[in-house]
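Hi,

Here's the structure I said I'd pass along.

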Amino acid sequence: MTFVLIVVGVAGLAVGSFLNVVIHRVPRGESLLRPASHCPQCTAPVRPWHNVPVLGWLLLRGRCADCATPIGIRYPLVELGTAALFVAVAMRCTGPAGRGGASDAAGPSWLQMPAWLYLAAIAVALALIDLDMLRLPNAIVLPSYVVAPLLFLPAVLVERDWAAALRGVLAMAALWTFYFLLSIVYPGGMGFGDVKLAGVLGLYLGWLGWSSVAVGTLAAFVLGGAAGLVLLAAGRAGRKTALPFGPSMLAGALLALFAAAPITDWYTNLLVPA
């Protein structure tokens with residue numbers, strides 16, 4: 001188990017390093033492969049040893065080796081954050097609660113771990129791109145409608161949990177429709193990028209169970225509303241300020257992955273005291 005977590009954590013650092021490239025280049029329509037990593041200020045290529053996640057930034061002391069332009073601390077934080085999220089997902093999928101199948105209480109199985117690691121990776125990229133540019137790029141969201149089912153396929157074939165697969169498809173359609181209607185009723189507060197992302201998240205949440213769908217969806221609006229209130233109170237936003245909703249949707253889905261069952265139990269006990 002420890003070895004698996006170490007491998008996943010190291011993979012998370014590497015993926016986080018790549019996500020830094022994705023976050024910078026995808027919204028600008030640039031290639032992820034060419035040119036190679038370089039300083040955006042002086043265009044000098046980054047040396048291979050400076051590309052090592054986190055350590056490279058520390059060795060450079062947060063500055064370009066050629067022109068001394070500051071390199072934002074967000075770069076190593078993305079790498080560390082992705083690694084931490086990968087380890088958390090691996091623990092959820094391989095721990096005692098994750099060995100029983102795809103229900104809310106049991107959590108995802110280890111066979112589903114690649115699919116959930118993929119969600120963790122695109123969640124980091126999409127959240128930061130949406131925060132930066134108020135966009136959820138099609139280049140990341142739309143391929144997920146194909147990639148996610150393919151990553152779930154081995155679990156379906158081995159565990160024969162066709163009910164989870166059907167539930168995922170139904171939840172995908174339900175959340176897409178729900179967000180689409182919201183975008184029509186409230187076009188200023190809901191973009192079509194949110195609608196497309198909702199379908200992907202519905203697929204994942206539905207795979208876990210209907211209570212996960214409810215928790216993940218409700219949490220998105222609670223977290224989004226709380227963030228808006230904080231920004232209003234801090235004077236960082238006004239009533240007409242456009243705020244990204246994608247990060248709240250992604251955070252709500254991940255919250256459901258880790259805590260849908262206890263949240264559901266807590267809410268049920270409030271309604272029907274023991």
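Pro35 sits in the loop that runs between helix H1 (2-25) and helix H2 (55-60); helices here are DSSP runs of H or I with at least four residues, numbered from the N terminus. The peptide bond joining Arg34 to Pro35 is cis, with omega at about -5°.

Before you go further: this is a predicted model, where local features need pLDDT of at least 70 and side-chain atom pairs count only at pLDDT 80 or more, while totals for chains, interfaces and linings use all residues. Numbering starts from 1 along each chain as its sequence is written, and side-chain values use heavy atoms, with hydrogens and water left out.

Two non-glycine residues with positive phi are worth a look. Val54 comes in at about 65° and is also in the loop between H1 and H2. Arg160 has a phi of about 55° and lies in the loop between helix H5 (138-159) and helix H6 (162-185). Buried or exposed (under 20% relative accessible area for buried, over 50% for exposed, partly exposed in between; 1.4 Å probe, protein chains only)? Val54 is buried at 15%, whereas Arg160 is exposed at 62%.

Then there's helix H3 (residues 74-94): its 21 residues reach 30 Å from first C-alpha to last, close to the expected 30 Å, which is 1.5 Å times one less than the number of residues. Its buried residues include Val78, Leu85, Phe86 and Val89. Among the elements covering H3's buried residues are H1, H2, helix H4 (113-133) and helix H9 (246-271), with contact meaning heavy atoms within 4.5 Å.

Cheers
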